[in-house]
Amino acid sequence: MSTKILEFTFTGANVAVALLIFTMAGCSRAPKPTVKKIPANAEFSGFFKSYANLKPVEGMDGALGYAATDAQKNLHKYIACVIDPVEVYLASNADDAKLTESTRSAATEYFRAALVKSVSGAYPVVEQAGPLVLRLRSAVVGVDFGGEADTVNIGKVRIEMELLNSETGEQIATLVDKESLGDGTEIGSGNPARQEKWAAARRAFDGWADRVRDFLNASNELSAEDADRADKSYQPYGAVAVAAK
Amino acid sequence: MKNALLSFVALMSTSGMFAAQPAETFHAYADSDICARLMLGPITESRVGCSLSTVKDGANPVLIRLQNNLVLDVNKKKMIDPLVGQFLLATGEVKAKNGTMKLAEVSPQQAKDIPAGDPARKLLDARTYKTDAKLHEKIRHELAMMPYISEFDFISFSLMGSDLILTGWTVRDTNRSEAYNRVKNIEGVTSVVNNIDVLPLGSNDMQIRAGARAQLQQSLSRYFWGSGSDIKIVVKNGDIILLGSVSTKADSDIAFIKCNSVQGAFHVFNLLRVVNQVKSAEKTQRPGSKTNVHKNT
């Protein structure tokens, strides 16, 4: 009898533990997004671990970038990427209480979708980190507020993006894009009068995402030496041409 | 309800939905799925060598309908397994759209049994592939210069006159379209068939890719450079296909042994070319030798 009671109690405890784990798992699945601020008078937001080695990107006005050239640790060594949720950094003097969750999520989710669309051609987007997989972190930096309530001004926004080894966290490439694509655009809270400006904001996000892809394309271009070696190395396995007479 | 179901089945049968395909008999070549998709073209000694070695290593046997290069996955693999590397007369129901065949009967035959002038002789005659060497080189160069080709991609092609067939494997879907876009407008190319297979990026295959590259870089580092390598590691559903070139037979063997030690890999198919031996093979033409794989036809 006592054994049965013990078993029942034990089972009940199991259920309680399972419920607790389930609840905790549910909580951990949807962490509350944090909104950070650019430190006063700082050149960069602090989103990257390191801003070392940044230099102007050839052919991309307003962009600073870095791509590792180490033979073992460059972009060519990866074939897929995971894309993290986009983070937001407010301008130093912005009042963070003004940023509503709906506005933040509208902007960041749209930009993440634009990044997925743009980057997947270069690095297919996968769900999980692992070998040969990059982690793409990005932030919309310098967000301020518009003249009207619940509107966000992205006129002075810049994009910071870094690619890390998804297993070790090692930095492989970085991009700080100061191109002002968002001039005069605002993200509102669903006010029909703001639709036009939201459309302009979407174009700006699409533009920044396209520039991320441009940066990846430029970084993946073959050096003259590598192009020569690739050309010499490549031979198809199909039928070999016989010169026509 | 039962009557309605029977009526529906009867209607579908008369409309042809469940109708069996008529059996047909045709000249075929028993190949491995790897060589069939990689080396579309004439049935040379090197092709036969590839077929035999890859099936021996575990590749699936398939039939090639000689008339049009169609690769057919058959239901009764055991029937063709001992006939790989040979010409056959095959009878069965072909579903060309799916690339499958319900095999009824096969019998081996000799190439000479195929009558002269029969369209099935097309694949036997290297002259079918007579084309402009400059055109071949232009296509080869364009494909070699693709920026997102990694150690894990291999794109090959066959050129029959001005008709181009792209084959091979890639981990990036965009490489498939990029290859097509690069070659479609080359002067002299009139049609392009794109048979490039896009590989899945499942976590097991990714582990195998990383493991194989690490093993090969450790032992054969001279074949790897900043943005690519002479050795290509194609991984599909746990199988590793080694392609590209090395300079000695010993290096080819090392690559094979190292890849066999990669955790999670089921089979390793060694199709590496030994560059020095290719040159000598062109002179000696040893039948069935792997080094013949790329000899000129």
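This is a predicted model: local features need pLDDT of at least 70, side-chain atom pairs count only at pLDDT 80 or more; totals for chains, interfaces and linings use all residues.
Residues are numbered from 1 along each chain as its sequence is written, and chains are lettered from A, with ligands numbered from 1, in the order in which they are written.

Colleague: How many helices and strands are there in chain A?

Modeller: Helices (H or I, at least four residues) and strands (E, at least two) are DSSP runs, numbered from the N terminus. By that count, chain A has four helices and eleven strands.

Colleague: What percentage of the 245 residues in chain A is buried?

Modeller: A residue is buried if 20 or more other C-beta atoms lie within 10 Å of its own, exposed if 12 or fewer, and partly exposed in between, with C-beta atoms placed from the backbone. Among the 245 residues of chain A, the buried share is 35%.

Colleague: Why is strand β9 of chain A described as largely enclosed by the rest of the structure?

Modeller: Strand β9(A) covers residues 171-177. It is largely enclosed because, of its seven residues, the number buried is six.

Colleague: Which residue is the bridge partner of Ala67(A) in β9(A)?

Modeller: Two strands pair if DSSP finds at least two bridges between them. Strand β3 (residues 63-67) of chain A runs antiparallel to β9(A), joined by five bridges. In β9(A), the partner of Ala67(A) is Ala173(A).

Colleague: Which residue takes a positive phi in the hairpin of β8(A) and β9(A)?

Modeller: Strand β8 (residues 158-165) of chain A also pairs with β9(A), in the antiparallel sense and over six bridges. Ile159(A) stands opposite Asp177(A) of β9(A). Five residues lie between the strands of this hairpin, and the residue with a positive phi near 80° is Gly169(A).

Colleague: Which element gives the most residues to the side of chain A that touches chain B?

Modeller: Two residues are in contact if their C-beta atoms, placed from the backbone, lie within 7 Å. The contact takes 34 residues from chain A and 48 residues from chain B. On the side of chain A, the elements that give two or more residues are β11 (242-243) and α4 (224-233). The most, six residues, come from α4(A).

Colleague: What is the handedness of the crossing of α5(B) and α6(B)?

Modeller: Helix α5 (residues 133-144) and helix α6 (residues 173-184) of chain B pack at an angle of about 145°, with their axes 10 Å apart. Axes are lines fitted to C-alpha atoms, for helices over the stretch in contact, and angles run from 0 to 180 degrees between N-to-C directions. A crossing is left-handed if the near helix is turned anticlockwise from the far one by less than a right angle, and right-handed if clockwise. The crossing of α5(B) and α6(B) is right-handed.

Colleague: Is Lys258(B) buried or exposed?

Modeller: Lys258(B) belongs to helix α8 (residues 249-260) of chain B. Beyond its neighbours within four places in sequence, Lys258(B) is in contact with Gln215(B), Leu216(B) and Ser219(B). Because 20 other C-beta atoms lie within 10 Å, Lys258(B) is buried.

Colleague: How far apart in space are Lys258(B) and Gln215(B), C-alpha to C-alpha?

Modeller: In sequence, Lys258(B) and Gln215(B) are 43 residues apart. In space, their C-alpha to C-alpha separation is 6.0 Å.
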